[in-house]
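Thank you all for coming.

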Amino acid sequence: MSEKRTRQQVAYDALRADVLSGRLEPGQKLPFAEMCERYGTSVGVIREALTRLVGEGLVQSVPQIGFTVTPLSRSDLLWLTDARCEIEILALRRAIRDGDVTWESSVLAIHHQLERCPQMDPDDPARFNERWAQLHASFHETLLAGCENPRLRRTANDLRAAAELYRRWSVPLGHSSDRDIAKEHRDIVEAVLARDTELAAALLHRHISLTTEFLLSTDSSIAD
């Protein structure tokens, strides 16, 4: 990896982590001068990092204003959840139909790692553990990896990336002690390995929807 590419990746990783942790809040402006000083790098590097985050739905590029952290919007969250349920579940159905034993093994392996990683940050229990968040993303991507249609997988993964900001904020803003996310994952894996398409689809739908339900019922800061 070149030195330039390393600087770009470091800046991107740092910016993304600050957005997802809430250190850069939804709706906050991201002026180049401030971002360059904050991350100790050039305008070009920051521009590329912000552009990548726009593609993930975590940052917006607003004419005459510049880049801002994507604001939390009730209507956008509902549309995003609806799109994820439709596309991600379709991809899961295809994965169960198309996936082979190697895919099954990869699902088991990533779930094993996810289940043994603490969900919350030991140094800040109100925030997700970054390693858990990475494994969680890999888990959902692996579930769909059995689907042979790469465009369908890509669309599903892009929608999930766009939902990441809402999901991260659901812990400090909408966390419910009654929710057992680890069990939700186990149940999905068991249904997938049993090739029970209808049950797996229903469980994934519920898994996606629960975060939205928690946010909308507990967080009055999400704009209408």
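Which residues in H5 meet which residues in H9? Before I answer, please keep in mind that what you see is a predicted model. On the H5 side there are Trp103, Glu104, Val107, Leu108, His111, Leu114 and Glu115, and they meet His185, Arg186, Val189, Val192 and Leu193 in H9. Sorted by class, this contact of H5 with H9 has seven nonpolar, two polar and three charged residues.

Let me turn to the geometry of that pair. Two packed helices are described by the angle between their axes and by the distance between those axes. For H5 and H9 the angle is about 170° and the axes are 11 Å apart; because angles over 145 degrees count as roughly antiparallel, H5 is described as roughly antiparallel to H9. The crossing of these two helices, H5 and H9, is left-handed.

Staying with helix H5 for a moment, I would point you to Thr102, which has its place in that helix. Thr102 has a relative accessibility of 59%, and therefore it counts as exposed. Between Thr102 and Gly146 there are 9.1 Å in space, C-alpha to C-alpha, although the two are 44 residues apart in sequence.

The next pair is helix H6, residues 130–144, with helix H7, residues 150–162, whose axes come within 10 Å and cross at roughly 155°. That angle makes H6 roughly antiparallel to H7, and H6 passes H7 in a right-handed crossing. The contact is made by His136, Ala137, His140, Glu141 and Leu144 of H6, together with Arg153, Ala156, Asn157 and Arg160 of H7. By class, there are three nonpolar, three polar and three charged residues in the contact of H6 with H7.

Finally, let us look at the cores. The largest nonpolar core has 29 residues, of which Leu92, Leu143 and Val192 touch the most other members. At least two residues of this core are supplied by each of helix H4 (74–98), helix H5 (101–115), H6, H7, helix H9 (181–193) and helix H10 (197–218), and it is H4 that gives the most, with six residues. If we leave aside residues up to four places away in sequence, Leu92 touches Leu143, Leu144, Val192, Ala200, Ala201 and Leu204. There is also a second, separate core of 27 residues, and among its members are Leu30, Leu72, Leu77 and Ala162.

Note on methods
Residues are numbered from 1 along each chain as its sequence is written. This is a predicted model: local features need pLDDT of at least 70, side-chain atom pairs count only at pLDDT 80 or more; totals for chains, interfaces and linings use all residues. Side-chain values use heavy atoms; hydrogens and water are left out. Axes are lines fitted to C-alpha atoms, for helices over the stretch in contact, and angles run from 0 to 180 degrees between N-to-C directions. Helices (H or I, at least four residues) and strands (E, at least two) are DSSP runs, numbered from the N terminus. Angles under 35 degrees count as roughly parallel, over 145 as roughly antiparallel, 65 to 115 as roughly perpendicular and the rest as oblique. A crossing is left-handed if the near helix is turned anticlockwise from the far one by less than a right angle, and right-handed if clockwise. Contact means heavy atoms within 4.5 Å. Ala, Val, Leu, Ile, Met, Phe, Trp, Tyr, Cys and Pro count as nonpolar, Asp, Glu, Lys and Arg as charged, and the others, Gly among them, as polar. A nonpolar core is a set of buried Ala, Val, Leu, Ile, Met, Phe, Trp, Tyr and Cys residues joined through side-chain atoms within 4.5 Å. Buried means under 20% relative accessible area, exposed over 50%, partly exposed in between (1.4 Å probe, protein chains only).
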